[in-house]
2 protein chains.
Amino acid sequence: MTLRMYDLAGSEPDRRFSPYCWRIRMALAHKKLAVETIPWRFTEKAEIAASGQLLVPVLVDGERWIADSWAIANYLEDAYPDAPSLFGGPAARSLTRHYSSFGDSLVLAIFPFVALDILGHVADKDRDYFRATREKRVGTTLEAFVAGRDGKLAAFRASLAPLRVTLKSQPFFGGEEPLYADYAVFGPLQWARCISPFALLEEGDPVKLWRDRLLDSFGGLARKSPAYDV
Amino acid sequence: MTLRMYDLAGSEPDRRFSPYCWRIRMALAHKKLAVETIPWRFTEKAEIAASGQLLVPVLVDGERWIADSWAIANYLEDAYPDAPSLFGGPAARSLTRHYSSFGDSLVLAIFPFVALDILGHVADKDRDYFRATREKRVGTTLEAFVAGRDGKLAAFRASLAPLRVTLKSQPFFGGEEPLYADYAVFGPLQWARCISPFALLEEGDPVKLWRDRLLDSFGGLARKSPAYDV
């Protein structure tokens, strides 16, 4: 039975832009598992109620509904042990947990740059929901929240220094080939380019070169998806 | 033949305080390898000239001299394959590289809190060298550099949020037991408590609880070393 995944979309059904869903799209490709992705909007909570919570990604495998990107990655690894490993062994799985936590923090770090641009892509029926929930979270209007973003760019790029050191010495966090650790950090960067023309990464930055290698992985799965060329 | 390691010391020969040397002390204990540590001061460059560079840790294994904590960890893993693995497999070794890069960045993040306290512990003959090289690096006096440290503490602790998330869900980065990834991040925190009474970590913080578990590892190797109780 083909796996199904609820995948965040906006006004254009093909523009998929959840950082957490992108992790799982890449993980499914890594495991060579076919998936039917179902475009889902923020306010379609009833569609995923069977998962017991309100956020995507949600994976449906037969009768099983699984939510949360880290839980889904672990489910895929255990349910499909003969497919290429997402982690590379038990110790590597434990070590990957922190890449997921770090990737989550990267979503928060990127949000001040792209928050308003997201609003330009969400479905009409989601606009009020998105603005209200996000403005409550950040304590100001989205317009005010992103106003000083140019001045924050140098500090954001500097914060990526440890990634840069690692990616100068090896092509992927996983080594010669990418692993889920790579996808966990890539998801937030793919999210940004799917909904914002803002150039977060500098040309020639080893972090951007690594991201570009992941855009080209799996036949260009992420590169071919609607996004800005940044 | 017993391994030898040049290990940074100060005015007290037993107070060993290099973040990078602590990684290797823990790695050697993990591999159950006996080591003779040789107290070394910043200005004793001639003592380690055979390593081809000027910094510790330097490991001496028979005729071989190896420098750089990451290179030494890899050397130990490959030269002593029957001893407990520092990484947990090839993928895990690749994934560990970034823990080392991140740990290096943690040294830079901690330095503004402890820079002046280090000066109180370095050997008399090292004091001018330490002050001159570090003041050149930070562009001001050590006194001025640490003056606002209390006001920076909240931001430092907040920056550890991704570590905290991971360490709430598992006891070590390596899983149920520590691996070199743990020692790579622990080294900078052990460095800080060896030379400064400043309380970088808050009571009850999962990061501090994890650090305390590592202090107790290997019969309390790191806890028994001269340090402040913070």
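In this predicted model, strand β3 of chain B, residues 58-61, is joined to β4(B) by four bridges, and the two strands run antiparallel. One residue pairing can be picked out here: B:Leu59 has B:Ile66 as its bridge partner in β4(B).

These two strands belong to an open sheet of four strands in chain B, with the order β2-β1-β3-β4 and mixed pairing. Its edges are formed by β2 (35-40) and β4 (64-67) of chain B, each of which pairs on one side only. On average, and with direction ignored, neighbouring strands of the sheet are turned by 20° against each other.

Helices pack against this sheet. Helix α1 of chain B, residues 19-30, touches β1 (3-8), β2 and β3 of chain B. The direction of α1 makes about 150° with that of β1(B). Helix α2 of chain B, residues 69-79, lies across β1, β3 and β4 of chain B. Relative to β4(B), helix α2 runs at about 135°.

Chain A can be laid on chain B by a turn of 180° with a shift of 0.0 Å along the axis, giving an RMSD of 0.0 Å. The two copies are therefore related as by a two-fold rotation axis. Both copies use the same surface, since 100% of the contact residues of chain A recur in chain B. Within chain A, the residue that comes closest to the rotation axis is A:Ala92, whose C-alpha is at 2.2 Å.

The contact between the chains involves 24 residues of chain A and 24 residues of chain B. Together the chains bury about 1900 Å² between them, and 65% of this area is on carbon and sulfur atoms. Across the interface, the rule finds zero salt bridges. It does find twelve residue pairs in polar contact, both residues being at pLDDT 80 or more.

On the side of chain A that touches chain B, α3 (90-119) and α7 (161-169) of chain A each supply at least two residues. The largest share comes from α3(A), with eleven residues. The residue range of α3(A), 90-119, includes A:Ala92, the residue of chain A that comes closest to the rotation axis.

Definitions and conventions
Residues are numbered from 1 along each chain as its sequence is written. Chains are lettered from A and ligands numbered from 1 in the order in which they are written. This is a predicted model: local features need pLDDT of at least 70, side-chain atom pairs count only at pLDDT 80 or more; totals for chains, interfaces and linings use all residues. Side-chain values use heavy atoms; hydrogens and water are left out. Copies are superposed by least squares on the C-alpha atoms of residues with pLDDT of at least 70 in both. Contact means heavy atoms within 4.5 Å. Two strands pair if DSSP finds at least two bridges between them. Axes are lines fitted to C-alpha atoms, for helices over the stretch in contact, and angles run from 0 to 180 degrees between N-to-C directions. Buried area is the accessible area (1.4 Å probe) that two parts lose on being put together, summed over both. A salt bridge is a side-chain nitrogen of Lys or Arg within 4 Å of a carboxyl oxygen of Asp or Glu. A polar contact is a pair of N or O atoms within 3.5 Å; within protein, one must be able to donate a hydrogen and the other to accept it, and residues adjacent in sequence count only if both atoms are side-chain atoms.
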